[in-house]
Amino acid sequence: MIIISIISAALVVLFAGCRKNLKEFSFSYSMESVEHFKTSVSFDSNKTYKIETHNYYMDNHANKREPIIQEGELTDEEFKTLTKSLAKCNFFKMADSYGFDKDPDDLGDIMYQIYFKTPEKEKFISIRHRADNKFPASFINVLNYINTFFSKHKRE
């Protein structure tokens with residue numbers, strides 16, 4: 001009985017530690033305040049990234065569109081951290097939308113969009129800012145990675 005318990009416990013630990021590696025994926029995240037700004041970042045399994053920043057408010061005053069677009073390649077360490085964070089976050093179990101079931105808060109005009117695609121599935125998630133939105137910890141880790149990435153790579 002003890003041996004069966006030990007083997008069962010070992011199998012649970014083994015299977016819990018095994019996560020599907022992301023071989024092929026596409027991920028994008030955007031944050032937008034309608035008619036004011038939009039910032040987005042996208043990553044893919046080819047280790048490339050693209051950051052787009054639109055300042056709609058200033059562009060409307062200047063009567064022109066001048067987005068700042070940056071493209072590049074992730075370092076091996078950045079790619080490893082990104083794929084690890086994305087693999088831990090089960091986007092497909094998350095809801096399709098958050099924050100739309102109640103009145104918006106003071107920052108309710110800020111919208112977030114997430115798109116995640118693997119060869120088998122794709123997922124779109126829309127979020128309207130609300131202080132009481134609840135997310136899985138793994139999703140918060142993905143957002144933390146994105147914020148860190150922005151602070152290192154985004155030009156003004």
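The model is a predicted one, in which local features need pLDDT of at least 70 and side-chain atom pairs count only at pLDDT 80 or more, while totals for chains, interfaces and linings use all residues. Residues are numbered from 1 along each chain as its sequence is written, and side-chain values use heavy atoms, with hydrogens and water left out. A search of the whole structure finds 15 aromatic pairs, a pair being rings of Phe, Tyr and Trp (its six-membered ring) with centres within 6.5 Å, and with planes under 30 degrees apart counted as stacked, over 60 as edge-to-face and the rest as tilted. The rings of Phe92 and Phe116 are 5.7 Å apart at their centres with planes at 45°, so this pair is tilted. Because Phe92 lies in the loop between helix 3 and strand 5 (97–98) and Phe116 in strand 6, the pair ties together parts that are 24 residues apart in sequence; helices (H or I, at least four residues) and strands (E, at least two) are DSSP runs, numbered from the N terminus. Phe116 is buried, with a relative accessible area of 3%. The charged end of Lys121 sits over the ring of Phe92, 5.0 Å from its centre, the criterion being NZ of Lys or CZ of Arg within 6 Å of the ring centre and within 35 degrees of the ring normal.

The rings of Phe135 and Phe139 form a tilted aromatic pair, 5.2 Å centre to centre with 50° between the planes. Phe135 is partly exposed at a relative accessible area of 24%, whereas Phe139 is buried at 1%. Both belong to one aromatic cluster, whose members include Phe92, Phe116, Tyr145 and Phe149.

Helix 3 (residues 76–88) has 13 residues and reaches 18 Å from its first C-alpha to its last, close to the 18 Å expected at 1.5 Å a residue, a span defined as 1.5 Å times one less than the number of residues. Its buried residues are Glu78, Phe79, Leu82, Thr83, Ser85 and Leu86. Seen down the axis of helix 3, these buried residues fall within an arc of 160°, so they line one face of the helix; the arc is that of the directions from the helix axis to the C-beta atoms. The face turned away from the buried side carries the exposed residues Asp76, Glu77, Lys80 and Lys84. The buried residues pack against strand 1 (26–33), strand 2 (37–44), strand 4 (68–73), strand 6 (110–117) and helix 4 (137–153), contact meaning heavy atoms within 4.5 Å.

**Salt bridges between separate parts of the chain.** A search of the whole structure finds five salt bridges, each a side-chain nitrogen of Lys or Arg within 4 Å of a carboxyl oxygen of Asp or Glu. The side chains of Asp76 and Lys47 meet at 2.1 Å, N to O, and link helix 3 with the loop between strand 2 and strand 3 (48–54), 29 residues apart. Those of Lys123 and Asp96 meet at 2.6 Å, N to O; Lys123, at 10% relative accessibility, counts as buried. Asp132 and Lys102 form a salt bridge at 3.2 Å, N to O, and Lys102, Arg130 and Asp132 are linked in a network of salt bridges.

Terms used:
Buried < 20%, exposed > 50% of the residue type's maximum accessible area, 1.4 Å probe, protein only.
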